[in-house]
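Colleague: Please show me the model, and then we can go through a few questions about it.

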Amino acid sequence: MRRGLMPRLNMKKLLPARLVVERVGFDRATIDIFARTAKGWAACPCCGSRSGQVHSRYRRRLADLPAHGFDVRLVVQVRRFRCCSGQ
């Protein structure tokens, strides 16, 4: 590897298979990885039925240990699904 170049990151090896990387941003001190869940549905924790009806969205920010001198933040777009069975 030539001096001064940042190595290419393979996001599939860094993140769980259920996450899709939307974009990666970095500055002098921080790497931000923006991701979302890949599935378009979720199972209701009460009845177990599948639902694709999104109730709300929010971002969850997770901090990880530094990597190669950079702080690492994972920003995940999370969706809450509404149960279709009326639970």
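Colleague: Which residue in β6 stands opposite D32?

Modeller: This is a predicted model, where local features need pLDDT of at least 70, side-chain atom pairs count only at pLDDT 80 or more, and totals for chains, interfaces and linings use all residues. Residues are numbered from 1 along each chain, and side-chain values use heavy atoms, without hydrogens and water. Strand β2 (residues 30-37) runs parallel to β6 and is joined to β6 by 7 bridges; strands are DSSP runs of E, at least two residues, numbered from the N terminus. The residue of β6 opposite D32 is R73.

Colleague: In what order do the strands of the open sheet lie?

Modeller: The sheet has 4 strands with mixed pairing, two strands being paired if DSSP finds at least two bridges between them. Its edge strands, β1 (19-26) and β5 (54-67), each pair on one side only. The order is β1-β2-β6-β5.

Colleague: Over the ring of which residue does the charged end of K39 sit?

Modeller: A charge counts as over a ring if NZ of Lys or CZ of Arg is within 6 Å of the ring centre and within 35 degrees of the ring normal. R23 lies over the face of F34, at 3.9 Å from the ring centre. For K39 the distance is 4.2 Å, and the ring belongs to W41.

Colleague: Which strand gives the largest share of the lining of the second largest pocket?

Modeller: K39 and W41 are among the residues lining this pocket, as are V78, R79 and F81. The largest share, 3 residues, comes from strand β6.

Definitions and conventions: 1 Å grid on protein atoms, 1.4 Å probe; cavity = no way out; pocket = protein on both sides within 12 Å on 5 of 7 lines; lining within 4 Å.
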